[in-house]
Amino acid sequence: MAFVLSPLMALVLVSYGPGGSLGCYLSRRLMLDAGENLRLLDRMNRLSPHSCLQDRKDFGLPQEMVEGDQLQKDQAFSVLYEMLQQTFNLFRTERSSAAWNTTLLEQLHTGLQQQLEDLDTCRGLVMGEKDSELGKMDPIMTVKKYFQGIHDYLQEKEYSDCAWEIVRVEMMRALTSSTTLQKRLTKMGGDLNSP
């Protein structure tokens, strides 16, 4: 009698790591998606950045946090997730839809959503019971404050084309930094099951 695995059972068996628990690895696809999202943001350019110089603003990207070494693995993961989630939310607004080429915007939504889904598979394993304490964690609050400043800026500038262009450039900068954080997490062991 031949033993036949159902597709679901095969998927479960393939998903288990060598330690016997569901493996959680930062995939190469996550990095590819990050690169594609940066390319999409670059293609969304509608104005010359030089024509918007009067609207420039320093949003206070917490670069030392996303590029530095002071975060533990769970904190770094949480910061990366929050940056991607906030970027997704920013470009998911009704006002954002009016500002950009809808095809490129939808592709960006899809790419960011794919990154978030990839990270979601690891989220519970990385955070576990720390989740409630991470909600109050200073690095997460810093990221939220950074994005709140961007939302406030757009509102202050009445969502003008130049304001969106400045934000697009800022998001390219932020996503480039988050890519650095992804690389750091991969170097920390890629396997997010380990402490």
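Residues are numbered from 1 along each chain as its sequence is written. In this predicted model, local features need pLDDT of at least 70 and side-chain atom pairs count only at pLDDT 80 or more, while totals for chains, interfaces and linings use all residues; side-chain values use heavy atoms, with hydrogens and water left out.

The protein chain has nine helices and zero strands. Helices (H or I, at least four residues) and strands (E, at least two) are DSSP runs, numbered from the N terminus. Read from the N terminus on, the elements run α-α-α-α-α-α-α-α-α. Of the 195 residues, 44% count as buried; buried means under 20% relative accessible area, exposed over 50%, and partly exposed in between, with a 1.4 Å probe and protein chains only. Among contacts (heavy atoms within 4.5 Å) between residues at least 6 apart in sequence, 84% join residues at least 24 apart.

Because 15 of the 18 residues of α4 are buried, α4 is largely enclosed by the rest of the structure.

Two packed helices are described by the angle between their axes and the distance between the axes. Here the axes are lines fitted to C-alpha atoms, for helices over the stretch in contact, and angles run from 0 to 180 degrees between N-to-C directions. Angles under 35 degrees count as roughly parallel, over 145 as roughly antiparallel, 65 to 115 as roughly perpendicular and the rest as oblique. A crossing is left-handed if the near helix is turned anticlockwise from the far one by less than a right angle, and right-handed if clockwise.

Helix α4 (residues 73-90) packs against helix α8 (residues 138-156) at an angle of about 15°, with the axes 9 Å apart. The two helices are therefore roughly parallel to each other, and α4 passes α8 in a right-handed crossing. On the α4 side the contact is made by Gln75, Ser78, Val79, Glu82, Met83, Gln86, Thr87 and Leu90, and on the α8 side by Pro139, Ile140, Val143, Lys144, Phe147, Ile150, His151 and Leu154. These residues divide into nine nonpolar, five polar and two charged. In this classification Ala, Val, Leu, Ile, Met, Phe, Trp, Tyr, Cys and Pro count as nonpolar, Asp, Glu, Lys and Arg as charged, and the others, Gly among them, as polar.

Helix α4 also packs against α9, at an angle of about 155° and with the axes 10 Å apart. This pair is therefore roughly antiparallel, and α4 passes α9 in a left-handed crossing. Residues of α4 in this contact include Phe77, Leu80, Met83 and Leu84, which meet a set in α9 including Trp164, Val167, Met171 and Leu175. By class, the contact of α4 with α9 has 14 nonpolar, three polar and two charged residues.

The remaining pair is α8 with α9. Their axes come within 10 Å and cross at roughly 165°, so α8 and α9 are roughly antiparallel to each other. The crossing of α8 past α9 is left-handed. Tyr146, Phe147, Ile150, Tyr153 and Leu154 of α8 make the contact with Ala163, Trp164, Ile166, Val167, Glu170, Met171 and Ala174 of α9. The classes here are eleven nonpolar, no polar and one charged.

Glu170 is placed in helix α9 (residues 161-187). Glu170 is buried, with a relative accessible area of 6%. Leaving aside neighbours within four places in sequence, Glu170 is in contact with Phe59, Leu61, Tyr146 and Ile150.

The loop between α8 and α9 holds Glu158 and Tyr159. Glu158 has a positive phi of about 55° although it is not a glycine, and phi of Tyr159, also a residue other than glycine, is near 55°. Glu158 counts as exposed at 67% relative accessibility, whereas Tyr159 is partly exposed, with a relative accessible area of 25%.

Finally, Pro49 is in the loop between α2 (28-43) and α3 (63-67). Pro49 counts as partly exposed, at 39% relative accessibility. The C-alpha atoms of Pro49 and Cys162 are separated by 8.2 Å, with the two residues 113 apart along the chain.
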